[in-house]
Amino acid sequence: MTDPTSHAYRVETRTRMSVVAGVAAIALVAALVVLPAFASRSLVQDLFFILTMLTLAQFWNLLAGYGGLVSVGQQAFVGMGAYALFAAVILWGLDPVPAILLGGLAALVLAVPFGFFAFRLQGAYFAIGTWVLAEVVRLVVAQWRAVGGGTGTSLPRDATENIMFTAAIAELFGVRAPAARDILAYWLALALAIIAIGGIYWLLRSKRGLALAAMRDNPQAARSVGIDAQRIKWVVFLTAALGTGLTGALIYMQKARISPDAAFSLNDWTAYVIFIVVIGGIGTIEGPIVGVLVFFILQSLLAQYGAWYLMVLGLIGIGVMLLAPRGLWGSFSDRTGIQLFPIRRRLVGGPLASKTAAREE
């Protein structure tokens with residue numbers, strides 16, 4: 001007798017390639033966790049840079065690639081998260097590790113008035129508006145003398161020498177305190193990158209992810225079927241601000257030195273991030289991963305050439321946008337059909353699948 005449930009259709013997003021990619025990702029994460037036991041300090045620092053830029057790129061991609069909110073002011077949340085960490089350590093004597101959480105919360109709080117003004121703008125005006133608001137935040141923070149004002153400041157020596165967990169790491173790996181701090185920052189960056197990628201992937205596979213895609217593609221049609229577009233915008237905007245603030249705090253905990261021009265740098269925290277996403281493939285989780293690797297290689301090869309380095313980056317960005325509008329990974333995926341993080345829903349099962357299974361038996 002045929003089981004009536006065998007005729008049921010079901011919706012799937014998982015593919016064979018995504019299963020293989022998941023297993024490979026687990027192995028890669030395990031290798032990255034133990035890597036400081038064998039790697040040099042310079043390699044650990046390079047991986048820290050890659051992971052933090054990847055996290056920033058994933059959150060910007062969530063905003064622009066999936067939410068259609070092209071922000072040019074994400075440096076405001078990097079800077080706010082970093083300055084909140086410095087304030088917590090210098091003024092309140094808090095350990096830098098838990099102060100990272102305060103950095104994320106400070107960026108989240110900043111995002112409320114930020115979004116209140118920015119969401120009244122559309123398209124290019126939204127992008128310009130976010131940049132203007134970020135400049136306002138930078139100018140305000142530059143007047144904060146308790147954390148160095150316009151010239152900036154450094155973390156107190158006793159705070160950097162006694163960061164939580166560094167003594168245990170130094171003893172475990174037999175390294176000095178500065179190297180132990182780099183390992184701690186690297187592990188935190190790895191954890192943050194995993195949470196960012198995993199969280200965004202979960203969001204995109206949920207009902208909110210469908211609503212987000214509908215809002216991006218056609219806001220009017222999304223509203224007509226009952227989607228609260230404004231609420232979805234707020235969720236995405238606040239999530240990106242929180243993640244960006246946490247990343248900014250972590251970056252400047254590792255640097256241990258801050259200034260308004262550096263923390264609120266348009267080039268470092270927004271322009272480069274946009275380049276990474278555009279090169280890799282906007283609107284895909286895999287794109288920023290590919291883009292950050294390309295960006296790191298280009299930076300390693302060309303950074304010594306000064307202004308020419310920026311010109312080359314610009315030319316490469318323009319070339320990719322003209323020849324591969326969906327980025328390197330987007331073009332590769334279109335040609336091969338390979339998706340490591342599939343979010344497209346497929347209808348499988350039904351009577352045809354049941355008949356095929358019966359023949360195979």
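Here, buried means under 20% relative accessible area and exposed over 50%, with partly exposed in between (1.4 Å probe, protein chains only). This is a predicted model, where local features need pLDDT of at least 70, side-chain atom pairs count only at pLDDT 80 or more, and totals for chains, interfaces and linings use all residues. Residues are numbered from 1 along each chain as its sequence is written, and side-chain values use heavy atoms, leaving out hydrogens and water.

**View A. Helix 7 (residues 166–173) has a buried side and an exposed face turned away from it.** Helices are DSSP runs (H or I, at least four residues), numbered from the N terminus. Thr166, Ile169 and Ala170 are the buried ones; they sit on the same side of helix 7 because they span an arc of only 100° around the axis, going by directions from the helix axis to the C-beta atoms. Ala167, Ala168, Glu171 and Leu172 are exposed on the face turned away. The buried residues pack against helix 6 (157–161) and helix 8 (177–205), contact being heavy atoms within 4.5 Å. Just after helix 7 comes Gly174, with a positive phi of about 65°.

**View B. Helix 3 (residues 75–92) packs with helix 5 (residues 124–141).** Their axes, lines fitted to C-alpha atoms over the stretch in contact, lie 8 Å apart at an angle of about 25°. That makes the two helices roughly parallel (angles under 35 degrees). Gln75, Ala76, Met80 and Tyr83 of helix 3 meet Trp131, Ala134, Val137 and Val141 of helix 5.

**View C. Thr52 lies in helix 2 (residues 41–66).** At 3% relative accessibility, Thr52 is buried. Setting aside residues up to four places away in sequence, Thr52 touches Ala189, Thr247, Leu250 and Ile251.

How values were computed: Axes are lines fitted to C-alpha atoms, for helices over the stretch in contact, and angles run from 0 to 180 degrees between N-to-C directions. Angles under 35 degrees count as roughly parallel, over 145 as roughly antiparallel, 65 to 115 as roughly perpendicular and the rest as oblique.
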